[in-house]
Amino acid sequence: MTVRTRFAPSPTGMLHIGGVRTALFSWLYAKRHGGVFVLRIEDTDRERSTEEATQVILDGMEWLGLRADEGPFYQTRRMDRYREVLDQFLQSGHAYRCYCTREELEAMRARQIEAKQKPRYDGTCRAHSTPRAGIDPVIRFKNPSDGAVLVEDEIHGNVLFENVELDDLIIARSDGSPTYNFCVVVDDMDMRITHVIRGDDHLNNTPRQINMLKALGATPPKYAHVPMILGADGAKLSKRHGAVSVLQYRDEGYLPEALLNYLVRLGWSHGDQEVFTLDEMARLFDTSDVNKSASAFNPDKLLWLNQQHIMRATPERLAEYLKPQLAALGVSAANDAQLAAIAKTQQERAKTLKEMAQNSVFFFNEPQTYDEKAAKKNLTADALAPLSLVHSKLSGLGDWQASLIHNAVNDTATELSLGLGKVAQPIRVAVSGTAVSPPIDVTLEVLGRDATLRRLQRAIDYCRASKPS
């Protein structure tokens, strides 16, 4: 049997980390077992589904690298198939038309609540479904009235549902449109899904879906219901906790592998290992190792993991993500080799690619002003001699490389009997505009000879202008 999993988001809101973790678990399970990962867009809620949300799902999955083997499939393009199965249910007696009005259903519910009963449809039209003038009926699935459904959940274990507790679910609305639970059943059957991994808020839907699959003569898939993600305060995850569009993490400078690494560890572990590559996750992940309890979202841990992945990434890979971050700051960087060199100078200290980009602008745009505090401390009359001497030494270098630049800076400090900081810091402010940059030798190597000498000369002129006459 080929393992076939699916991720089936509804485009009624932005794809956030809860959905991404479900997608990740489903993708990993399929990859570990040499199976197929299916992407299905459940867009039958036409009033709430939007093209924007659909595009975020597609763009988010692409950015994360969770590419589907099949799909995306759209439920709105399968309406003929749903109508076919609805007719099949009606003809086989597994479904019936219900003509109860909304007022009658509300009165039924009120009576049940007053009698301290569980509110549910009482089956009025189950045996005698008589058409009523002026009423467009819904279609209900005729759920078995006895026995039980055993959900053998791979995370929660066996969960038993008595059929008598499950009412006759509406599977088509009065306008003929199919409902969520019905479409899921038809899709899972047609797409030959063998394993359904989804949030445990769907657990109560599962017995009804199993009964419908059995009515169709289909074998239900295996289920694994993943506990939800909570905020650090134990409350349901919301925007203030990080339940934002997954693309916001991209825009904030997180690497996709870091976000996936963080999410896989929310409820799953492999010994004491914290940092995983996507290949390692795919080799090690199994639903049997997922915790039953909810996990708390910790943005500090995500930031730490992002830094770990930045440090482990190749400069070339970082350059790929650094380019759009620089573009957002108005910097056009077409030279991939230079971008990789810049990323290499900063990957040991940057926590996000956004931070790296902000600290890299000076490589492309000469600072028009100096940080006031940095200039007051470092671009003084005392800096005139070391800046002039290092400018002279750098001008005479045959090869522009970090080791020779390093020697020129050291020799300047030695000749002037200065500490290295008294030379390096004025250079740093001169070329970057601030007192912070990567190591000065690699900074100047990446910046290039012409830009370095031009910026040093500007700083020399600045020091002369500020020197008391």
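In what order do the three strands of the open sheet stand? Good morning, colleagues. The order is β4-β5-β8, and the pairing is antiparallel.

A word on conventions. The model is predicted, so local features need pLDDT of at least 70 and side-chain atom pairs count only at pLDDT 80 or more, while totals for chains, interfaces and linings use all residues. Residues are numbered from 1 along each chain as its sequence is written, and side-chain values use heavy atoms, with hydrogens and water left out.

Let me return to the sheet. Strands are DSSP runs of E with at least two residues, helices are runs of H or I with at least four, and both are numbered from the N terminus. Two strands count as paired if DSSP finds at least two bridges between them. Strands β4 (95–98) and β8 (170–172) are the edges; each has a single partner strand, so one side of each lacks a neighbour in the sheet. On average, neighbouring strands are turned by 45 degrees against each other, direction ignored.

Four bridges join β4 to β5, and the bridge partner of arginine 97 in β5 is isoleucine 139. Strand β5 (residues 138–141) pairs with β8 over two bridges, where arginine 140 stands opposite isoleucine 170.

Is β5 covered on its faces or open? Both faces are covered: Val138 and Arg140 on one side, and Ile139 and Phe141 on the other, are all buried. Buried here means under 20% relative accessible area, exposed means over 50%, and partly exposed lies in between, with a 1.4 Å probe and protein chains only.

Next, helix α5 (residues 180–190). Eight of its eleven residues are buried, so this helix is largely enclosed by the rest of the structure. The buried residues include Phe182, Cys183, Asp187 and Asp188. Their cover includes β1 (4–7), β2 (36–41), α3, β8, β9 (195–199) and α6 (206–215); contact means heavy atoms within 4.5 Å. After α5 comes arginine 192, whose phi is positive, near 55 degrees.

Finally, the nonpolar cores. Such a core is a set of buried Ala, Val, Leu, Ile, Met, Phe, Trp, Tyr and Cys residues joined through side-chain atoms within 4.5 Å. The largest has 102 residues, and among the members that touch the most others are Tyr249, Leu259 and Leu394. Helix α1 (residues 17–32) gives the most to this core, with nine residues. A second, separate core of 30 residues includes Val85, Phe182, Val196 and Met212. Leaving aside residues up to four places away in sequence, leucine 259 touches Ile17, Trp63, Leu64, Val246, Tyr249 and Leu302.

Note on methods: Axes are lines fitted to C-alpha atoms, for helices over the stretch in contact, and angles run from 0 to 180 degrees between N-to-C directions.
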